[in-house]
Amino acid sequence: MCRITAAGKEAAVARFLQEFPEAPRAGRDHPALRGCDDIAWADFGRPSGIPALLRGLLDPTAAAEAERVLCNVLMDGVFTLGPAMPAALPFLLRVAADPAVPVRTELVEVLFVVAELSHPVDGGSERAIRFLGSDHDHPERARCRAVFFEHADLVRGLLDDRTLPDGLIPPEERASLLKAAASS
């Protein structure tokens with residue numbers, strides 16, 4: 001399975017900061033990102049540069065690359081949420097709620113993926129467990145569901161937002177987000 005090593009994630013953040021040195025200042029005072037510097041990202045085995053990436057989402061020049069690198073840093077594989085995702089999720093939800101964010105549509109799509117991957121895995125399905133791992137081995141799923149539940153008002157606001165492109169939220173993704181927001 002495709003996995004990026006911790007060193008690879010650190011290197012990706014360093015490249016981002018080298019290419020976009022002004023990006024971390026873009027969202028310095030944005031209310032959606034209050035507290036992102038207070039999280040010990042290294043405790044999750046993640047680069048300390050996650051706040052710079054979150055702020056980079058607000059910089060029109062750096063936003064697309066910040067979103068790409070941030071997703072790679074927060075995921076442990078194509079279908080595996082990383083342990084820092086629950087800590088980053090409140091910030092992603094709040095940033096995605098802001099219509100002025102340059103990569104808002106992409107962030108909403110990321111939220112779909114996180115919601116889908118946070119659903120419990122059928123413990124009776126050997127195939128599902130082999131493919132996705134057991135819930136016991138992936139506590140970040142339940143933690144993400146708890147974040148979606150805690151921020152259900154933001155989820156519902158995104159689902160009702162008329163400023164998002166038509167067709168962005170198909171019925172199955174709408175249902176997945178609502179399911180994630182309804183369970184904890």
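Trainee: How much of the chain counts as buried?
Mentor: Of its 184 residues, 48% count as buried. Keep in mind that this is a predicted model.

Trainee: And how many helices and strands are there?
Mentor: The chain has 10 helices and 2 strands. Along the sequence the pattern reads α-α-α-α-β-β-α-α-α-α-α-α.

Trainee: What share of the contacts comes from residues 24 or more positions apart?
Mentor: Such pairs account for 69% of the contacts in the chain with a separation of 6 or more.

Trainee: Switching to helix packing. At what angle do α1 and α4 cross?
Mentor: Roughly 165°, and the axes of α1 (residues 6–19) and α4 (residues 63–74) come within 10 Å. Angles over 145 degrees count as roughly antiparallel, so that is what α1 and α4 are to each other.

Trainee: Left-handed or right-handed?
Mentor: The crossing of α1 and α4 is left-handed.

Trainee: Which residues make the contact?
Mentor: From α1, Lys 9, Ala 12, Val 13 and Phe 16. From α4, Glu 65, Ala 66, Val 69, Asn 72 and Val 73.

Trainee: How do those divide by type?
Mentor: The contact of α1 with α4 has 6 nonpolar residues, 1 polar and 2 charged.

Trainee: Now α6. What should its span be?
Mentor: Helix α6 covers residues 104–118, which is 15 residues, and at 1.5 Å a residue these should span 21 Å. Its end C-alpha atoms are 21 Å apart, so the two agree.

Trainee: Which residues of α6 are buried?
Mentor: Arg 104, Leu 107, Val 108, Val 110, Leu 111, Phe 112, Val 114, Ala 115, Leu 117 and Ser 118.

Trainee: What does Ser 176 touch?
Mentor: Leaving out residues up to four places away in sequence, Ser 176 touches Ala 115, Glu 116 and His 119. Ser 176 itself sits in helix α10, residues 171–182.

Trainee: Is Ser 176 buried or exposed?
Mentor: Buried, because its relative accessible area is 5% and the cut-off is under 20%.

Trainee: Last one, Val 155. Where does it lie?
Mentor: In helix α9, residues 152–160. Val 155 is buried too, with a relative accessible area of 2%.

Trainee: What are its contacts?
Mentor: Val 155 touches Leu 93, Phe 148, Leu 177 and Ala 181, again not counting residues up to four places away in sequence.

Trainee: How far apart are Val 155 and Leu 177?
Mentor: They are 22 residues apart in sequence and 7.0 Å apart in space, C-alpha to C-alpha.

Conventions
Residues numbered from 1 in each chain as written. Predicted model: local features only at pLDDT ≥ 70, side-chain atom pairs only at ≥ 80, totals over all residues. Heavy atoms only, no water. Helix = DSSP H or I, 4+ residues; strand = E, 2+ residues; numbered from the N terminus. Expected span 1.5 Å × (residues − 1). Buried < 20%, exposed > 50% of the residue type's maximum accessible area, 1.4 Å probe, protein only. Axes fitted to C-alpha atoms, helices over the stretch in contact; angles between N-to-C directions. Parallel < 35°, antiparallel > 145°, perpendicular 65-115°, else oblique. Left-handed = near helix turned anticlockwise from the far one by under 90°. Contact = heavy atoms within 4.5 Å. Nonpolar A, V, L, I, M, F, W, Y, C, P; charged D, E, K, R; others polar.
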